[in-house]
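Here are my notes on the model you sent over. Please read them with the structure open beside you.

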2 protein chains.
Amino acid sequence: MSTLHDFIAEHREIFASAHPQSRRLAEAGSAWRGGVPMHWMRDWATPFPIYVASAHDATLIDADGVAYDDFCLGDTPSMFGHARPELAAAVARQAGEGVSFMLPTARSNAVGELLRRRFGMAQWQVATTASDANRAVIRWARAITGRDQILIFDGCYHGMVDDCFVALKDGKPVNKAGLIGQVVDQTRTTRVIPFNDMAALEDALKTGDVAAVLAEPVMTNCGMIAPSPGYHARLRELTQHHGTLLIMDETHTLSSGPAGYCGVHGLSPDMFVVGKAIAGGIPAAVWGVTAEVAARMDAAQARIGPGQSGIGTTLSGNALVMAAIETMLTEVMTDAAYAHMLDGAARLVDGLRAVIADKALPWSVAHVGARAELIFAPEAPQNAADMRAVLDHDMLEAFHLYLINQGVLIAPFHNMMLISPRTGFDAIDRLVAAVAQFSEDLPK
Amino acid sequence: MSTLHDFIAEHREIFASAHPQSRRLAEAGSAWRGGVPMHWMRDWATPFPIYVASAHDATLIDADGVAYDDFCLGDTPSMFGHARPELAAAVARQAGEGVSFMLPTARSNAVGELLRRRFGMAQWQVATTASDANRAVIRWARAITGRDQILIFDGCYHGMVDDCFVALKDGKPVNKAGLIGQVVDQTRTTRVIPFNDMAALEDALKTGDVAAVLAEPVMTNCGMIAPSPGYHARLRELTQHHGTLLIMDETHTLSSGPAGYCGVHGLSPDMFVVGKAIAGGIPAAVWGVTAEVAARMDAAQARIGPGQSGIGTTLSGNALVMAAIETMLTEVMTDAAYAHMLDGAARLVDGLRAVIADKALPWSVAHVGARAELIFAPEAPQNAADMRAVLDHDMLEAFHLYLINQGVLIAPFHNMMLISPRTGFDAIDRLVAAVAQFSEDLPK
């Protein structure tokens with residue numbers, strides 16, 4: 001009888017024999033550390049990376065000519081589909097008129113108004129990455145409150161922000177090992193609590209020294225974890241009561257609706273961050289603040305004096321980024337696009353749940369907006385510790401390899417599946433069928 | 001008799017009356033904090049920002065139809081000229097085939113080999129900004145040496161890297177105020193010394209706890225400061241002797257020659273960073289390490305275990321970035337391009353020095369590669385403290401406004417002038433003439 005390890009080995013072989021070109025390219029990549037330009041590109045279950053030839057909408061073609069239904073979509077930046085002609089046209093036009101000036105462009109104001117109208121915050125800034133945007137809002141939160149501490153949720157991900165590389169281990173805060181070479185003890189100024197734990201939230205805030213809570217409205221990194229009923233209302237109530245700012249990072253939950261999860265659910269953060277997909281994968285992020293926070297920032301700046309060179313980001317590509325965001329907000333991230341994404345996600349979730357029910361599998365599905373996550377546990381965990389307890393790395397590896405060999409890409413790390421406005425329902429049905437077949441083929 | 005303040009006021013008026021459209025746009029920008037998408041865009045001498053309509057090569061046209069000879073070039077990202085058709089074509093092509101995949105592309109390896117051949121480092125990674133690249137090399141330097149301290153030079157700029165926001169004030173290290181909301185005392189793990197001070201360098205390294213020196217080969221941020229004779233040889237010798245890694249950040253000195261300042265002068269750092277212009281202003285940076293450092297990184301990673309999620313950067317735009325860097329290295333950053341840039345810079349420097357000599361002005365010119373800096377002091381300072389002592393903010397404001405009103409842009413902050421491969425000698429001559437006229441028109 002074959003084991004899960006045999007199954008994985010067999011699927012690694014299947015992948016390898018179908019990808020001679022990707023293998024050749026991987027072997028020839030010695031000028032790159034680990035063979036790839038960015039280390040994240042190795043974080044897949046395949047024995048060597050898939051090398052991409054091109055991608056359009058929700059289909060990716062690799063160097064071996066293999067086509068994939070792409071539910072990874074670059075792990076979010078390409079959430080609205082690859083090579084969208086609207087974006088390609090805007091990028092080509094702007095590249096023909098200059099990409100980077102250290103000056104605003106004639107279209108800047110229109111983009112600011114689009115952001116304000118869509119997401120409701122009074123004042124905006126543009127950054128190069130969501131990491132940069134999160135660094136900026138954390139700094140400002142500390143500056144305007146005069147408090148040192150920030151509060152995050154165990155298992156969160158807010159980019160490469162040192163302050164957020166703290167996790168709970170056996171209930172105690174620890175610096176994450178992924179922050180190689182870190183010499184600052186982040187646990188001194190970052191408090192970390194389990195998501196969905198109202199008592200822990202009350203305890204963490206009541207000391208009155210927390211500048212800000214930095215949260216995703218739904219946790220999406222340590223598997224997907226939805227807020228429990230009433231959690232967001234309580235979070236807002238407690239932060240307001242204790243004078244703590246509430247920052248929502250919508251980089252991943254932007255798929256929830258045209259104004260993100262906060263828009264769909266009427267949440268009112270003080271500061272708002274969204275990255276990656278807002279510029280269609282052109283490196284950019286935006287952050288916004290309420291009028292009240294803006295006034296407090298003005299006051300802090302007046303106190304501190306001029307200069308904020310430590311806040312912000314590179315000016316590279318500023319004109320290109322304006323053109324990209326404008327096109328995304330006006331032509332790509334439309335109500336119709338969201339309607340398709342949400343319908344598709346509902347179809348996927350229904351399909352996966354039907355497979356689970358039909359076959360009585362001990363699995364469940366988490367879902368937010370256009371994102372769904374298949375969890376190999378009968379109940380969706382409520383926090384990162386519970387999620388870690390049910391995470392089965394061999395099962396994940398087997399599942400990812402199996403899907404790739406069926407021509408389906410989902411995000412690596414866990415089982416995140418993302419529906420773009422260009423994802424066909426036929427592709428969704430193929431994914432559901434592949435999951436059903438996986439459950440059959442898996443060694444018992 | 002008019003004063004310098006009258007002169008500045010008069011030139012602000014001249015600017016304002018010539019820019020009704022930019023004024024209108026500045027007044028309508030209330031959705032942006034401070035009226036602009038990125039706060040850096042306000043850091044000019046003008047009473048409100050110039051709004052850009054388009055730019056080609058080294059000419060920028062603003063919303064009022066005013067044309068400028070652009071010696072700022074986006075403050076470096078557009079160093080090789082705006083809207084270069086080679087880059088625009090590559091960007092348009094890749095945007096039509098997808099910008100962001102979380103996977104390498106079929107062209108990745110060629111780009112890695114181009115970087116290796118040009119800059120000589122054995123292994124490379126791509127980041128989104130030079131800040132991210134510097135964060136990565138600092139982390140790795142600490143990880144492989146097991147040491148906490150890094151050493152920087154007073155007045156340096158290496159992006160938005162917290163570790164580098166330390167300066168000397170009255171000879172004592174202090175955290176810079178520009179790092180608003182910082183709650184970590186960076187002086188505990190960052191040592192800062194004056195540039196060109198060999199005794200200070202010896203003292204700072206001899207304790208044996210410095211992981212790395214992070215340096216620009218020529219300081220370019222606190223005004224431009226060249227290394228004194230023998231300084232780089234001694235820096236290399238001392239870092240090697242004390243087991244300290246030497247990191248060169250060539251983001252600004254890339255204009256020195258096809259392989260940067262290190263290439264021209266035969267310097268051999270352990271780690272190498274270059275940002276901005278390497279992708280023609282598409283947000284990207286690259287960092288490389290020697291084979292020896294790569295082996296030590298492997299050993300450190302084996303010790304620490306898998307995962308390096310705290311190092312690296314966003315994956316956004318990874319395919320676009322590959323296409324951009326490839327085009328820059330093969331079609332734009334050519335030997336012929338550098339020959340023109342260096343000839344143009346020599347013409348500019350000669351012209352400025354002739355003006356200074358002819359008129360017996362108490363000024364001097366610093367020069368590295370395609371960058372020149374006019375310093376309002378008779379001798380070029382040797383370190384940041386001396387530079388700060390001669391910096392006259394009113395003179396800078398007067399000079400910048402005057403040039404802008406003559407249709408010439410130079411980088412704000414100080415007097416940096418950058419020659420692109422597309423900068424005409426006529427534009428250089430106009431700049432020199434404007435400087436001569438400025439010296440005449442300046443209130444005595």
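**Notes on the chain A and chain B interface**

1. Start with the polar contacts. Across the interface of chain A and chain B, 46 residue pairs are in polar contact, both partners being at pLDDT 80 or more. Keep in mind that this is a predicted model. Several elements of chain A give two or more residues to the side that touches chain B: strands S1 (52-56) and S4 (123-127), and helices H3 (85-95), H4 (108-119), H5 (130-145), H9 (291-304) and H10 (318-332). H4(A) gives the most, with 7 residues. By residue class, the side of chain A that touches chain B divides into 56 nonpolar, 37 polar and 15 charged.

2. Next, the extent of the interface. The size of an interface is often given as the accessible area lost when the parts come together. Here the area buried between chain A and chain B is about 9700 Å². Carbon and sulfur atoms give 63% of that area. Which three residues supply more than any other three of the area that chain A buries against chain B? They are Arg33(A), Met102(A) and Ile180(A), which supply 10% of it. Counted by contact, 108 residues of chain A meet 108 residues of chain B.

3. Charged pairs across the interface deserve a look. Side chains of opposite charge can pair when their charged atoms come close. Between chain A and chain B the count is 4 salt bridges. Arg33(A) forms a salt bridge with Asp298(B). The closest N and O atoms of Arg33(A) and Asp298(B) are 2.8 Å apart.

4. Now the symmetry. Two copies of a chain are related by a rotation about an axis and a shift along it.

5. Salt bridges over the whole structure come next. Over all chains, the structure holds 40 of them. One pairs Glu326(A) with Arg107(A), the closest N and O atoms being 2.6 Å apart. Glu326(A) lies in helix H10 of chain A, and Arg107(A) in the loop between H3 and H4 of chain A, so the pair ties together parts that are 219 residues apart in sequence.

6. Turn to a sheet in chain B. Its 4 strands form an open sheet in the order S1-S2-S3-S15, with mixed pairing. Strand S1 (52-56) and strand S15 (408-409) of chain B stand at the edges with a single partner strand each, so one side of each is left without a neighbour in the sheet. S1(B) runs antiparallel to strand S2 (residues 59-62) of chain B, and 4 bridges join them. Val52(B) stands opposite Asp62(B) in S2(B).

7. Last, a hairpin in chain A. Strands S6 (residues 166-169) and S7 (residues 172-175) of chain A pair in the antiparallel sense over 4 bridges. Ala167(A) stands opposite Val174(A) in S7(A). The hairpin leaves 2 residues between S6(A) and S7(A). Asp170(A), in the turn, has a positive phi of about 50°.

Technical notes:
Residues numbered from 1 in each chain as written. Chains lettered and ligands numbered in written order. Predicted model: local features only at pLDDT ≥ 70, side-chain atom pairs only at ≥ 80, totals over all residues. Heavy atoms only, no water. Pairing = 2+ DSSP bridges. Contact = heavy atoms within 4.5 Å. Buried area = accessible area lost by both parts, 1.4 Å probe. Salt bridge = Lys/Arg side-chain N within 4 Å of Asp/Glu carboxyl O. Polar contact = N/O pair within 3.5 Å; in protein donor to acceptor, adjacent residues only side chain to side chain. Nonpolar A, V, L, I, M, F, W, Y, C, P; charged D, E, K, R; others polar.
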